[in-house]
Amino acid sequence: MKRVVLLALAVTACQPRAGLDDVSADPGLLGSALPRGFLWGTATAAHQIEGGLDNDWSVFEAGSFPDGTPHIRNRDRATVATDSWNRFDDDLAAMKALGSTTYRFSVEWSRLEPRKGEWNDAAMQRYRDWCVKLRANGITPMVTLQHFTLPRWVADAGGFEGEAIRGDLERFTRRVAGNLKDQVDWWVTLNEPNVYAVQGWLRGVFPPGKKDDTVTQTKVIAMMLKTHARMAQALREVDDVDADGDGFATRIAVAHHVRYFQPATTSPLDVAIAALTDDYSNEAIPRALKTGRVLLDVPGAITIDEVVPGLAGSIDVLGLNYYTRDLVRTDLGSPSFSTLTYRKGRATSDLGWDLYPDGLHSFLVRFAAYGWPLVVTENGLADRSGTLRTPFLVQHVHALERALRDGADVRGYAHWSLMDNFEWAEGYDAQFGLFTIEPGTLRRVPTASVEPFRAIGANIPR
Ligand code: FCB
């Protein structure tokens, strides 16, 4: 019955639409090729859902660009967001409706350490309660320690442009791990160093809002990797409890954002710039995590080549956040040497992102070669109409199953996101949720993709 329903849903959802390629396998069996114990769930981040926060983003959200346009679309603010700080039980109910076996969320540094050395124990206890409740419901917590935001006191001291953050985030990590170690094994130290640096220093659309500064952008990525090494070391020292009894006390990851870059034309210059972009954005971080050597190059601007103590061997799992494909067109006048476009005539998300499931297959196979197990720590789309989400999901899980067949050791999938939330510079306009949020009541309302998501999860062998 379950299969028939899913098949029907998938068939309706997969009516030809521009660019979402056909699925050749039977979608009714989707999930059955995933390994036993595969983690199936969703991802969120504190600032995007909790509400009631005071950090560098709260400051940025109130500001405007020099031409007067607000930093955030429609001047939206994360002041309330989905009010998840007060509505965890509603979030949990949504996760259960999805048949989740994992939940990736972040703990908010500015809440736990609002001033240097001053700790909010009640907030820590609340995060701990969440973990206890998740586990009681068969949902493995996956905790991100830094997801784009910084406490004001850290940002004021230069954030990742300064040196102090290494020690500060290490102490924070020790504190969180000390409190959650008997509940949490799966840790994500940092979310998307490449996106964080590009948005904050090249595009200027995230704090600190600097533009065209590829030199600092590159130094920030290096500093994030150095900080990660210290955080990972702290986790290994402090978290000595194997919470889920699988023989590992820690499963440490970085959530690495990958974009499928293709040259826009066959011109040798486009091909070369696409390769350069791919190396900087996709390859440099996993390579550094493997070898311990940070090698980042922006020709004519900066080359970093540095061995970082503790970096090699710092992760157990590589997290991949995958969303889209970009076409790279050479633009030597731009600090990144390129303009990114997308293929015309294909389905795109509400943010104009090309929906390209084969890219997920390709990255999983490519990064499996490093030897780590992989987890898809984010994958999703902004789709207000809700018409593309199910085919998107079906085709990406299909791509994941193909990658498994091709030898990639993939251990989990976290869909972005559990519910619509504050999408950074895009505010509330971009709706990524499997649940929508009813205006006013903030009730979590299931989209049409909840049932297919649950049905795929139910096919995973247990
Ligand atoms: C990722 C971020 C996440 C969310 C999605 C759509 O880059 O990690 O917080 O904004 O994009």
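T250 touches D185, W187, L235, R236, D239 and D316, leaving aside residues up to four places away in sequence; touching, or contact, means heavy atoms within 4.5 Å. One of these partners is also a polar one. The side chains of T250 and R236 make a polar contact at 3.3 Å. Such a contact is a pair of N or O atoms within 3.5 Å; within protein, one must be able to donate a hydrogen and the other to accept it, and residues adjacent in sequence count only if both atoms are side-chain atoms.

Where does T250 sit in the chain? It lies in the loop between helix 10 (214–238) and strand 5 (251–263). T250 counts as buried because its relative accessibility is 9%. Buried means under 20% relative accessible area, exposed over 50%, and partly exposed in between (1.4 Å probe, protein chains only).

A word on the source. This is a predicted model, in which local features need pLDDT of at least 70 and side-chain atom pairs count only at pLDDT 80 or more, while totals for chains, interfaces and linings use all residues. Residues are numbered from 1 along each chain as its sequence is written, and side-chain values use heavy atoms, with hydrogens and water left out.

Now the whole chain. It has 14 helices and 13 strands; these are DSSP runs numbered from the N terminus, helices being H or I of at least four residues and strands E of at least two. The C-alpha trace spans about 60 × 55 × 45 Å along its principal axes. Of the 462 residues, 59% are buried. Among contacts between residues at least 6 apart in sequence, 76% join residues at least 24 apart. The accessible surface comes to about 17,100 Å², and carbon and sulfur atoms hold 53% of that. Accessible areas come from the Shrake-Rupley method with a 1.4 Å probe; for residues, only the protein chains shown count as cover.

Finally, the ligand. For Q48, an N or O atom lies 2.8 Å from a ligand oxygen. For E378, the distance is 2.9 Å. For E423, it is 2.8 Å. The protein covers 96% of the 290 Å² of accessible area that the ligand has on its own.
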